[in-house]
Amino acid sequence: MNYIKSIIIAGSVSFFLGSCAQVNSNRENEKVSIDSTSQTDKTVLKDDKVNDIYSNYLILKNALVQSNSADAIKAGNALETSLKNIEGCQSTAEIAAHLAASNDIKVQREDFTRISSDIIAYMKNADVASGTMYVQYCPMANKGEGGYWLASEKKIQNPYYGDEMMECGEVKEEITKK
């Protein structure tokens, strides 16, 4: 079991370092704001495809915060679609599809861990025009192995535990305009 887990972790690390983390250098210069219902700080990214990914990711995160498996399925499908549009993000899109194919909140949260690793790496290379994305971390997530996620505000709302441990976590990093 540990061997399989090691292979999965190594594959995830090499994936996000080598593919989805590399932002397309031919971005559009137009600034597009993500819908304010998804974000309270109105983070603006310079590429509309990246905005779609971030917006759909936040919707998924919020569904998991609310422990709403049905909404997580819808958000997972939307995230899969937006990731398919980015070269190198097909593996992350497959994880989103796997998440959307399950109505088990535990499975969805496990997939969210892998998705978050990739999306965080991707967003660290994204062109932020304004606003802030917060990389947050809960040491209790994933049976004590910890789990990261992105949020649009500093306030901790834990997607790994929902109401059980809503405020477990801390801000580890802020992603802002370079």
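This is a predicted model: local features need pLDDT of at least 70, side-chain atom pairs count only at pLDDT 80 or more; totals for chains, interfaces and linings use all residues.
**Exercise 1.** Work out the strand order of the open sheet, and say which strands stand at its edges.

*Solution.* 
- Start with the order: the three strands run 5-4-6, and their pairing is antiparallel.
- Now look at the ends. Strand 5 (147–151) and strand 6 (170–175) each have a single partner strand, so one side of each is left without a neighbour in the sheet.
- Then zoom in on one pair. Strand 4 (residues 133–138) and strand 6 are joined by five bridges. Take valine 135: its bridge partner in strand 6 is glutamate 173.

**Exercise 2.** Find which strands helix 2 and helix 5 lie across.

*Solution.* 
- Helix 2 (residues 48–65) lies across strand 4 and strand 5, and makes an angle of about 120 degrees with strand 5.
- Helix 5 (residues 105–124) lies across strand 4, strand 5 and strand 6, at about 55 degrees to strand 5.

**Exercise 3.** Describe how helix 3 and helix 4 pack.

*Solution.* 
- First, get the geometry: helix 3 (residues 69–84) and helix 4 (residues 90–100) meet at an angle of about 165 degrees, and their axes are 8 Å apart.
- Next, name the arrangement. Angles over 145 degrees count as roughly antiparallel, so helix 3 is roughly antiparallel to helix 4.
- The crossing of these two helices is left-handed.
- Finally, check who touches whom. Helix 3 contributes residues including Ala72, Ile73 and Leu83, while those from helix 4 include Ala93, Ala96 and Leu99. Sorted by class, the contact of helix 3 with helix 4 has nine nonpolar, four polar and two charged residues.

Technical notes
Residues are numbered from 1 along each chain as its sequence is written. Side-chain values use heavy atoms; hydrogens and water are left out. Two strands pair if DSSP finds at least two bridges between them. Helices (H or I, at least four residues) and strands (E, at least two) are DSSP runs, numbered from the N terminus. Contact means heavy atoms within 4.5 Å. Axes are lines fitted to C-alpha atoms, for helices over the stretch in contact, and angles run from 0 to 180 degrees between N-to-C directions. Angles under 35 degrees count as roughly parallel, over 145 as roughly antiparallel, 65 to 115 as roughly perpendicular and the rest as oblique. A crossing is left-handed if the near helix is turned anticlockwise from the far one by less than a right angle, and right-handed if clockwise. Ala, Val, Leu, Ile, Met, Phe, Trp, Tyr, Cys and Pro count as nonpolar, Asp, Glu, Lys and Arg as charged, and the others, Gly among them, as polar.
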